[in-house]
Amino acid sequence: MIRFDYVRPTSVPDAVKALAAKPGAQVIAGGTNLVDLLKYDVAKPSRLIDINRLPLRAIEDTADGGLKLGALVTNADAAYDVRVAQRFPLLASAILAGASAQLRNAATTGGNLLQRTRCLYFYDPHVPCNKREPGTGCPARTGVNRNLAVLGTSEHCIATHPSDMCVALAALNAVVHVTGPAGERQIALSDFHRVPGDRPDLDNTLERGELITAVEVPFSDFGRHYTYLKLRDRLSYAFALVSVAAAVRLDAGRIDELRVALGGVAPKPWRNLEAEGLLAGAAPERRAYEAFADRLLAGAQGFGDNDFKLGLARRAIVRALTQAVAGTPQSQSDKRVA
Amino acid sequence: MLQRTDASQRGELYRVKLAINGAPHDVEVAPWVTLLDLLREGLGLTGTKKGCDHGQCGACTVLLDGMRVNACLLLAVTCDDRAITTIEGVASLEPTAGGGLHPLQDAFMDHDAFQCGYCTPGQICSAVGLIAEGHAHSRDEVRELMSGNLCRCGAYSNIADAVWQVLRDGTAGEGGR
Ligand SMILES: Cc1cc2nc3c(=O)[nH]c(=O)nc-3n(C[C@H](O)[C@H](O)[C@H](O)COP(=O)(O)OP(=O)(O)OC[C@H]3O[C@@H](n4cnc5c(N)ncnc54)[C@H](O)[C@@H]3O)c2cc1C
Ligand code: SF4
Ligand code: FES
Ligand code: FES
């Protein structure tokens, strides 16, 4: 681990100032990803800005009936909050599908958005990796890529964003609130993470020196017609190979509104608004789900180890839509797939 | 006393106040020292185990202000002013123990919930946290919410039995030794 110093501001303006004051300064929240990256010498901050004393731990009601989660609300506090569980069970379910109880107690809302990929090469500073060291190459394309992306990749990087929470947030049209040297702004969650293109080192659209202060989830009313279906190598405490966040509103026996985001298959939660729109008005039946899955997966390409994700994702989408329409969301403790 | 790195590598040290198993500690640490290394190397509390050192096994589970967390992914400086309970302190969490063991410790013995014992301190701290959280209402939920603790010996079914029994009955039950 490299050497760094440490400061502990108590207000957002002070934290933003501290972040700007020293090149290489980096924020630490729950530490569950950053401390790991420090140990591998992948993260090399000059200074850690401990934001745990900032007043960002509240979950607040918004005027439209939605909720605003402070950046320091832990994943456990978010998932078990009564308002989150009642209004956004899809979000609670996705959070509880991730990591372990210990990690969820420490991991924060802001940190979850900014966790880095789980590509093996990214974690090993002795091998090339365009995301870690731009221009060195991407050994994953022809190497070990079982857990990597099939959508949104570029010749420079095929990493996935590993979060479960963000997949639900994408389906729920969440908005990220940030504060930086230039003031405050809001970024739609769907615009927050980026595809690698020729800049795989940039995971997201946060500007240098910006701090996440909250994530806002606007009102929605899908009731029980949602599911978070996560498929992985073991039943718990493992990252998604493929996950699907689905929410449906039915009207007179037809699909009125549909939202589907995929996890584990792309550098960002993967949605296709046009494909969702095409399903509006359709009868909720398997053939329609399959056609939707084919549209959502259009252009998907495997790299060897991860070829299986194409078929798995298609089946998972169909299964998730079936669960959501039936109002039988996937349980996160009884893992049998309904 | 916390061991210091050699002078050429030594950065600034930071003063941290911790209540560990009820006793106040005032220590100086470098900012990159994890809570796990502070407990084990700095304070000689070796009950908490280092399995993977990367958040992947749960052997290092301790209670931070009563909440279970992985001590290997927590920098000690960030724990200033907080209370930590390790396996050395869990018995004193239960006034009924009367100087004896915590009901979970009894239950682990009654149910033969370990073989080598390496994962056990983390399992027990995790189970204390699980019970305090109050989100497990069935043995299946115990298994799911204990998934952050791996056991290389595969004592899982007995671990789940032990935790479920304490959760349900509040005691180690009559398996009694
Ligand atoms: C073994 C293991 C298994 C896991 N499994 C899963 C899983 O199945 N699903 C899943 O979704 N996740 C999983 N995780 C990842 C976990 O959810 C993340 O590590 C966690 O959400 C990160 O949050 P944190 O607060 O600990 O972030 P930190 O580690 O503190 O920070 C992460 C990054 O975010 C930055 N940051 C943090 N907060 C802010 C802020 N407010 N503003 C600006 N920058 C900020 C930091 O500088 C750092 O770059 C797993 C982790 C481990 C170790
Ligand atoms: S996929 Fe991305 S993160 Fe993995 S080796 Fe290639 S460039 Fe690095
Ligand atoms: S040693 Fe901390 S989780 Fe394995
Ligand atoms: S008893 Fe040996 S690892 Fe669990």
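Predicted model: local features only at pLDDT ≥ 70, side-chain atom pairs only at ≥ 80, totals over all residues.

Mentor: Residues are numbered from 1 along each chain as written, chains are lettered from A and ligands numbered from 1 in written order, and side-chain values use heavy atoms, without hydrogens and water.

Trainee: Which residues come nearest to ligand 1?
Mentor: A residue is near a molecule if one of its heavy atoms lies within 4 Å of it. Of the 36 residues around ligand 1, those that come nearest are A:Val27, A:Gly31, A:Thr32, A:Thr108 and A:Asp164. Chains A and B both surround ligand 1, so they share the site.

Trainee: What about polar contacts?
Mentor: Those are pairs of N or O atoms within 3.5 Å. A polar backbone atom of A:Gly31 is 2.7 Å from an oxygen atom of ligand 1, and a polar side-chain atom of A:Thr108 also lies 2.7 Å from a ligand 1 oxygen.

Trainee: What does A:Leu54 contact?
Mentor: Contact means heavy atoms within 4.5 Å. Beyond its neighbours within four places in sequence, A:Leu54 touches residues including A:Pro9, A:Val12 and A:Leu72.

Trainee: How many disulfides are there?
Mentor: A disulfide needs two cysteine sulfur atoms within 2.5 Å, and the count over all chains is zero. Take B:Cys125: its closest cysteine sulfur, in B:Cys60, is 10 Å away, too far for a bond.

Note on methods. Polar contact = N/O pair within 3.5 Å; in protein donor to acceptor, adjacent residues only side chain to side chain.
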